[in-house]
Structures are given as C-alpha cells and as structure tokens.
Amino acid sequence: MRINSITLTNFRQFSGTQTFELQSSTLEPVTLIFGANGAGKTTLLNAFTWALYGTLSEDVEEQQRMVTDSVWRVLPMGDAVELAVELTFDHEGHDFRLRRGTQVRKESDEQQKPAADVWLWQTMADGSSEEIGAPQERIYSILPQRVSRFFFFNGERIEKLVQKGAYTEVQQDIKVLLDLEQVERALDHLPKVDRRLTADIKKYGGERASEIQTAIDDLLDREASSRDELTVLEADLATLIEERDSVIELLRQHASAAPIQKERDRVAGELADARTQRDAAITERASLVATRGFLAFTDELAAKTAAKAAGLYQKGALPAPLKREFVDQLLEDGQCICGTALTRDSAAWHDVTGWRQRAGLQMVETAWQQLSGQITQLSSARQELHESLQSAVKRITAERDRVARLEEAMSELDGQLNDPRREDVQQLESKRRDLEARIGKKQARIGVLRSAIEQIRREIEQKNTERSKAEVTDELAAKARARSDLVQAVRHALDKILTIRKEDMRSRLDSKLKDVFAKITIKPYVPRLSSDFELALYQDVNGVELPVPKSTGENQILSVSFVAAVSELAREIRAERRAEGELPADAGTYPIVMDAAFGSLDQNYQREVSRALAQMAPQLVVLVSKSQGLGQVVGELKPYVSHLGVIVIHTTGISKAEDIELDGVAYPYVRPSSDADYAELRAIK
Amino acid sequence: MAQADEGTVKAPPRRTERDVLQELTADQQRFLKRVLEIERAKLHVKAADLTDDLLSAVKAILP
C-alpha cells in the first residue's frame, strides 16, 4: 500500500477542500510536513485513520466536532455541509480511491458526532473505475485496523509499543504482518472441512472403514478439546506470568526502598528524642522562672538593705533587739549610753544586765545573721539563676533546630516512600508464592496436554494408515477418503510451516531490530526479542549480559526500531518464494505516517532515527513542528524528500505572523486571522 | 581426509518452509496454496466460517 494523495473537506480545522499530494518513489520516499503546535498535525494523522477505519485516536478531544468550527458557525440552521476525507492509494498492483464522508445537517449550534459512509473504487486495467461492494472489508484486508498502529502513530506515544505487558498484543498483531495468522486460521478451519468429508466415509465406506473413521473422529474430537484447553491454559499462564512479574517488580521496589525506610526509622527515633529534649528544656526554664525568677530583681534591693543595715549597725541603731556584745561593752566600760555609771550591783547595773539577757536571745542573733547572710548570698544566687537560664535557653534553641532539621529529613524520606503502588511486603511475597504455585500447576497441565496431543496425533496417523488400507468399494466414500487424505496432509504441512515461520520470523525480526537499534543508539545496549515477543535491552558487562532499565527515550528508539524492522521484514518475506506462491511486487509495503515523529529525542537521536526510517520505510510521511524538524531532521531527510509542505495555522489569537525558513526561503507558518481559526495545507515542493 | 570430521557432531540442517513444500505432492501443494489464499482474503473477518470455501477448494482439486 502506497498513499498517493489525501483530500480533506471541512475535516476538523481544515476548512474547505484541501488536497496534498503524497506520491513518492523508492529513492525519495519521504514527505515532510511542518506545522506549529495546534496547527493540525495530529488531525492530519487522524484524517488517514478516519478515512480507513472511521475512528479517531483517543488523544483527539471534542471528537463530535468533525466539521470546521468556523464553517459550522456560519452555516444556516437546517442547511447541510460536506465532511469528507479521501485517499488515493495503490496496493498490490491496483489503484484505489477511498472516500469516507457525509453531509452534516445543522440542527443546533452544538455538533453531534456524524455517521459517515465509506466508498472504495478500484481503477481497472482499462482506466474505468469500479465501486467495491464491501469497502470496509476490503480495507481491512488491505491493512487490518489493529496492524495500522504500527504504521500510523504518534511518536510521543510510540513507546507504549514496547512497554511491559504490551508484547502479547504486539505478538498477536504482528502475526498478520508476518503471515502467521493465515496459517493459524487454516489449521483451525481444516479439521471442520475434514469432518464434512469423512461423513461420507462413515456413511458409504463399509463396516471396517466406517469403524476406523469413527475412531479417527473420536481422536480428532479429543485433540480439538485438548487444543482448546491448551489455548485457555496458555492464555492463563501468560496472565499469571505477567501478574507474577509485576509483583516481583513491586518487591524489587520494596527492596530498593528498604534503606530509605531504615533511614526513616532512624530519623523518626531521633526526632522523638529531640522533641523530648526540647520539651524538657522548656519545662526546666519555666521551673527556674517560677521558683527563682524573683532573684533577678533582688540586686538593688539587697544592696540597699545591706547598706541600711550596715549603717544602723554602725550607729548601733539596729531595729533589732540589742546585741549582747553591745551591752557587754557598756557593762565593761561601767557606763551606760545615757551616761549613768554602771557600778557593780547598782540598780543601773542590774537594769543594764537585764538588757544583756534580753539582747542575748538567740532568735535575735539568728535573725540578724540570716539577714546579713542572705544578703551576701543573693548575688551568687542571682548569678547562678542567670547561668541556669542561659543554659536552658541554649538547649531549647539547639533542640528546636534539631527538631526542624529532622522534620525536614522525615518529609524528604516520606516523599521518597510515598508510592501508592507499594503494598505490604509480606502480602506481596505471599502473592508471589501463590502465583508461582499456580504457574507451576498450569505449566504441568500444559506439559501433560502437549504430550497427550502428541499421542493422539500418532494414533490418528496410525488410524489414517489403517483407513488408507481398508477396502472401500463405494465410489463416493473412496473420493471422500482421498479428499480427507489431502486435507490431512496439508494440515500436517501447515503445522510444520507454522513452527518454522514462527521461529524464522522471531529470529529475523530480532536480528533486524539489533541492526536498526545499533545504527540509532550511541549506547552499548543490545535489544533482544524473546520467544514470547517480549522486547528487552541488555548490556554486556565484562562478558555478563545484564538487563538495562529503559528510559522513555530508549523506549521510543526501541519502538521506532521495532516498527522499522517489522516494516522491512513484512516486505522482505513476501518477496521470497513461499507457500502462498508469487505475490505482487509491493506486497507487504505500507506507508509510515508519524506525528510528533521524534518525541522528546535529542538532536543526535533525531538525526539517526530520521536516517534509519528514511532508509527502511517504503513511504514515510513525517509531521513535525519547527522545533522538532528543523536542523538535524531536515538535513538528514532532505535527500529522500519528494514532498514538502506546511500546515499554515490561521488564528485570531495572535497579531504577529511567523514564517518558517526552508532552503533560505521563508514560508507562512502562523498567520493572524481577523475572523476565523483554520488550517491550510500548503505544498512547498 | 574422509575422517577429518570424525568425532564432531554436526547439527542437522534446519528444515525450511521449502523443504516442507517439496515433500508434498502437486495436488497437496496446490491445495495448500489455495487454503492460504482463502484465509488471507478473509483475515479481517475474525468469525469467518470458511468451511464451504475450503471444501470447494478440495473438490476443485480432487473433483
């Protein structure tokens, strides 16, 4: 299949009728179309698949708005407008014109998803055109829809093709491209044909032949039922293996998270300790203030009290009762402070002696001593309080800092651990063990079934030999036997061919994939396609092959390599002489139409991917923006380009025009529009 | 000279699709080709029952 042109009529943002020629040659297979973001590159990609299958990709929003908004807006209520996409292409030596479209009647301002019809015409040898009765079926036979994703795709999403879990679907789809599907179907259909034929043997073949045929039929029934069970078991096994692998992946994530969890536990312990220390320091400070805080205010008071007491002491005017030393001194001097002589045993002497008794009271003395002692100690107590408070505040500050730092660390670690997919390790481990056990049982049952099928096949062969020797006189039965032998022989041959093709296709695809990938990548990685069509990347580390985790970029390169390899192999195998006989020269040829062709690849990869695709694809339509396409991509693709175009976006959203410069010539890229937003498909070359 | 390879075990050559085809009779080859043509033409119809088509093909080869 090679596309020669596409014509869009009021299709999404492409207003009016616009045609773009795509006819390319083997030497110049590339069409390069530039478009700004939102210009309509994805729409153009979808125009191809809509024309072929009537569907749009999931990333197209507002799918019901099929008619250009500006056209719909001015359409009078009740009037109809044409919506269509037309493709012309050639396939296996025939020219086709495909049209999908409808007249969309306006019944409200909101568009309803239109139901479009499809027509397909084939150009006959005399130049006349013949309409094909079942157009959609014919299209499916040219390029089955599920296979189309290998040829019409968005470069930014292509990595899904090689993601884990995708390979079962890929393997299924690829069977069609690599001519495996028709063999499998034949193997499914031929036993039914045989059963119809052998009915005549049972009916007219005589007792012996009929008996043998009944035994063969029983064996065939057992074989069919075993094969059905095998198919179900193999599908179950694939599902279980996929599930087991995802559990192992989760366990691996847990293993990688274990050091983080350990660190988090340590930080959590330290944080609890820091908070306790901080709170203890705060309590201690509060206690100091509550119990000894007053000391801070005693400095001046103590000084005043000491000075006053000292003065009074000097003057002997202590407010306290008389001091004994003072009275003793008066008695020793023999004179009272009032001047009276204190002669021994005189009345005055007795009076003063009486005072001595009173002045000598221990209570008074103690009070004075306490007062003066406390005044002396106040200063040191105050200093001590100051130091204690300073120490408490210092500890509070330090612990607060420690708490803040640890809280930050905890938050960081929680972020690393916060993955909702993580389940409890023990649960996962028990799930893994359960899955392993179930896988083991399925594998054992599959083994039993396979050997049972082998045994049945041997028995059928033996019975067939017996049948061929049995005497059959009836002509109808003899003919039925000959026909059944023919069917059986072909069925056996197809069985062998399927086994040979499967292994051949896998190994050739694997080898091509390695070649293409090596041309593109700068890394020492080697892709490998397993017997289950699972794609993995490996690196040789000192002679040991280690699996490499794939990044998005690597997945994109791997996917593009895979598409290129499939595309080339599909053509190559049909050029070989095979059971299907001679096929047309372009059998297995399909165009590759890529939107956002180079995804997020850097310049080096863009260049290498461009080169690989241009050299391998029989027809390549690349839709790119200026930022994706200018430079390396244009430089690399230029020698292969047959058509160059721009999707000019006319928009009311801007006032300044923007051009794209190709070969030193400026072409419109973005144009301001006064009344409507629309896209214009303009050919440059 | 003839003993040069003595002691070494050569892997049997891998059977090819062509080997399988060559073991079939002319009728069987014709029928196999026809079967694949019929199946290819209806690949897009998943539930296609091709028993009648295939039966006709058998009868065309062995009338």
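Begin by selecting B:D52, B:K59 and B:A60, the exposed residues carried on the face of α3(B) that is turned away from the buried side of this helix. Keep in mind throughout that the model is predicted.

Next, stay on α3(B) and select B:L54, B:A57 and B:V58, which are buried. Looking down the axis of α3(B), you will find that these buried residues fall within an arc of 100 degrees, so they line one face of the helix. An α-helix has 3.6 residues a turn, so residues three or four places apart point the same way.

What lies over that buried face? To see it, show α6 (181-204) and α13 (475-520) of chain A together with α2 of chain B, which are among the elements that cover the buried residues of α3(B).

Now widen the view to the whole of chain B, which has three helices and zero strands, so that you can follow the elements from the N terminus in the order α-α-α. Of the 63 residues in chain B, 17% count as buried.

Then select helix α2 (residues 26-41) and helix α3 (residues 51-61) of chain B, whose axes are 10 Å apart and which pack at an angle of about 155 degrees. Because angles over 145 degrees count as roughly antiparallel, that angle makes α2(B) roughly antiparallel to α3(B).

Finally, bring chain A back into view and select the contact between the two chains, which takes 26 residues from chain B and 32 residues from chain A. On the side of chain B that touches chain A, α1 (17-22), α2 and α3 each supply at least two residues, and the largest share, ten residues, comes from α2(B). If you colour the residues of that side of chain B by class, they divide into 16 nonpolar, four polar and six charged.

Note on methods. Residues numbered from 1 in each chain as written. Chains lettered and ligands numbered in written order. Predicted model: local features only at pLDDT ≥ 70, side-chain atom pairs only at ≥ 80, totals over all residues. Helix = DSSP H or I, 4+ residues; strand = E, 2+ residues; numbered from the N terminus. Buried ≥ 20, exposed ≤ 12 C-beta atoms within 10 Å, placed from the backbone. Axes fitted to C-alpha atoms, helices over the stretch in contact; angles between N-to-C directions. Parallel < 35°, antiparallel > 145°, perpendicular 65-115°, else oblique. Arc of directions from axis to C-beta. Contact = placed C-beta atoms within 7 Å. Nonpolar A, V, L, I, M, F, W, Y, C, P; charged D, E, K, R; others polar.
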